[in-house]
Amino acid sequence: MHIKKTRLLTPGPTPLYPPALHAMMASDLHHRTQDFRNVYKAVVTDLKEVMGTSYDVVPFVASGSGAMEASVSNLFSQGDKVIVCTAGKFGERWQSIAKAYGLTQVVVQKEYGQVVTPDEVEAALKANPDARGVFIQASETSTGAMHNIEAMGKTIAKTDAIFVVDAITGLGTMPLKIEDWGLDVVIGGSQKAFMIPPGMAFLSVSPKAWKHNETSKLPRFYFNLKKEAASAAAGESSWTPNTSLILALAEALKYIKGIGMDKLVENAQLLAKATRHSATALGLELFAPSRPGSSITSIKAPAGMDSGKIVKGFKERFGMIIANGQGTMQGQIFRIAHLGYFDFADLFAVIGSLEVILSANGYPVEFGKGVTAVQQVYAEAAGVNQAVKA
Ligand SMILES: *Cc1c(COP(=O)(O)O)cnc(C)c1O
């Protein structure tokens with residue numbers, strides 16, 4: 001108990017894949033050289049492969065929000081009508097960006113922990129046939145809920161609107177069939193399921209979205225999709241790229257391809273399932289029970305306990321950094337992440353620690369009950385039969 005390893009267990013930044021971290025040491029190279037072009041091209045090709053699309057994938061030097069902004073400034077014009085689906089802090093970010101660029105918003109808003117339904121999107125499109133775009137989060141990281149992107153995409157595909165999906169924590173935690181489901185823009189970020197530090201974002205662009213780009217009149221300079229896509233095709237970025245992160249991503253993508261993107265998704269799904277079972281076993285309530293996603297699981301603190309006490313307990317007792325709620329959810333919930341480089345050994349530790357922390361804060365816990373639930377999900381998935389005493 002005197003040694004506490006620091007463990008970063010938040011939904012971004014996420015735990016780092018060590019070979020990717022080591023690869024960053026080779027950053028003493030120049031970005032206008034063939035050596036670097038080879039790496040950059042491989043990264044773009046591998047991103048397309050793991051995202052499962054032949055559409056252009058355009059990288060940006062930015063955190064995820066930079067690519068969100070780019071999808072607005074490059075694909076719309078001032079006054080364009082758009083439908084913004086919001087059910088959490090990241091949905092609110094779409095509203096802020098759309099407002100900053102002078103788009104006319106039709107907001108479909110749900111309470112934190114709830115989701116916007118495909119029927120609501122369809123109704124909004126019917127009522128606003130002139131809508132040029134629909135914005136949403138695949139996984140709303142602030143609440144843990146996930147949207148039914150498939151059903152929405154198939155509806156939106158029949159209209160002139162483009163579907164812009166913030167999949168920054170959706171990629172690697174849920175299936176996203178970009179071309180089959182009509183997803184025109186799918187945005188990812190380096191510090192989520194891609195297992196490397198923050199500072200890089202990327203987005204896929206459909207032919208329908210490129211059509212929007214041709215008529216879009218909003219001002220832009222640094223985040224220029226068309227320019228960046230042309231640069232990427234030549235193995236370069238328009239400006240000085242974050243070479244260290246490109247080297248890291250090359251390594252992480254090799255690993256993800258080796259496992260398979262579907263297995264990375266299944267990994268997160270199993271960890272999420274085990275977390276839900278353990279929360280229930282401990283008598284805790286889930287915050288987004290109707291459509292819980294697999295990037296994170298949001299759990300309500302027990303009645304009368306500030307979730308900050310739990311977050312603090314993780315840090316002070318075990319050196320673990322876990323996420324509190326954001327905005328008005330702060331103090332109400334705590335969030336356990338599953339995306340990227342998380343495994344069952346992490347989760348045994350997290351739930352075992354949670355039991356101690358809850359108990360230390362006066363919440364009655366039968367030690368082992370939550371951990372048992374995680375073991376059961378693991379055993380079932382791995383085909384381990386529990387030995388029974390004779
Ligand atoms: C992390 C995240 C973002 C991007 O945030 P940045 O801090 O700009 O990387 C956007 N949307 C969702 C759903 C996220 O989880």
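## Close-up views of a predicted model

**Figure 1. Cavities inside the model.** The structure holds three cavities of 30 Å³ or more. A cavity here is a set of points on a 1 Å grid over the protein atoms alone where a 1.4 Å probe fits but cannot get out. Grid points are joined across faces, edges and corners, and a volume is the space filled by probe spheres set on the points. The largest cavity has about 90 Å³ of space. Its lining has 14 residues, and Pro59, Phe60, Val61, Glu228 and Ser237 are the closest to the centre; a lining residue has an atom within 4 Å of a point. Strand S2 (residues 56–61) gives the most to this lining, with three residues. By type, the lining of the largest cavity has nine nonpolar residues, four polar and one charged. Ala, Val, Leu, Ile, Met, Phe, Trp, Tyr, Cys and Pro count as nonpolar, Asp, Glu, Lys and Arg as charged, and the others, Gly among them, as polar.

A note for all the views: this is a predicted model, where local features need pLDDT of at least 70 and side-chain atom pairs count only at pLDDT 80 or more, while totals for chains, interfaces and linings use all residues. Residues are numbered from 1 along each chain as its sequence is written, and side-chain values use heavy atoms, with hydrogens and water left out.

**Figure 2. The chain as a whole.** Before zooming in further, let us step back. The chain has 13 helices and 14 strands; these are DSSP runs numbered from the N terminus, with helices (H or I) of at least four residues and strands (E) of at least two. Along its principal axes, the C-alpha trace spans about 70 × 55 × 35 Å. The radius of gyration is 21 Å, which agrees with the value near 21 Å for a compact globule of 390 residues. That radius is taken over C-alpha atoms, and the globule rule is 2.2 Å times the number of residues to the power 0.38. Of the 390 residues, 56% count as buried. Buried means under 20% relative accessible area, exposed over 50%, and partly exposed in between (1.4 Å probe, protein chains only).

**Figure 3. Aromatic rings that meet.** A pair of aromatic rings is described by the distance of the centres and the angle of the planes. The structure holds 13 aromatic pairs. Rings of Phe, Tyr and Trp (its six-membered ring) pair if their centres lie within 6.5 Å; planes under 30 degrees apart count as stacked, over 60 as edge-to-face and the rest as tilted. Tyr255 and Tyr341 are edge-to-face, because their ring centres are 6.0 Å apart and their planes stand at 75 degrees. Tyr255 lies in helix H9 (residues 243–259) and Tyr341 in the loop between strand S14 (333–337) and helix H12 (344–360), so this pair ties together parts that are 86 residues apart in sequence. Tyr255 is partly exposed at 29% relative accessibility, and Tyr341 is partly exposed at 30%. Phe344 and Tyr378 make an edge-to-face pair too, at 5.2 Å centre to centre and 70 degrees between the planes. Here Phe344 sits in helix H12 and Tyr378 in helix H13 (residues 369–382), 34 residues apart. Phe344 is buried, with a relative accessible area of 12%, whereas Tyr378 is partly exposed at 38%. Elsewhere, Phe60, Phe221, Tyr222, Phe223 and Trp239 form one aromatic cluster.

Figure 4. Contact means heavy atoms within 4.5 Å, and the contacts listed here leave out residues up to four places away in sequence. Ser73, in helix H3 (residues 64–73), is buried at 3% relative accessibility. Among the residues that Ser73 touches are Tyr101, Ser216 and Phe223. Asp80 lies in the loop between H3 and strand S3 (81–86) and is buried at 13%; Asp80 touches Leu103, Thr104 and Arg132. Gly133, in strand S5 (residues 133–137), is buried with a relative accessible area of 0%. Its contacts include Phe76, Val82 and Ile162.

**Figure 5. Two spots in the backbone.** Most residues other than glycine have a negative phi, and most peptide bonds are trans. The peptide bond from Gly12 to Pro13 is cis, with omega near -5 degrees. Met195 is not a glycine, yet has a positive phi of about 70 degrees. Met195 is buried at 1% relative accessibility.

Terms used:
On a 1 Å grid over the protein atoms alone, a cavity is a set of points where a 1.4 Å probe fits but cannot get out, and a pocket is an open set with protein on both sides within 12 Å along at least five of seven lines; lining residues have an atom within 4 Å of a point.
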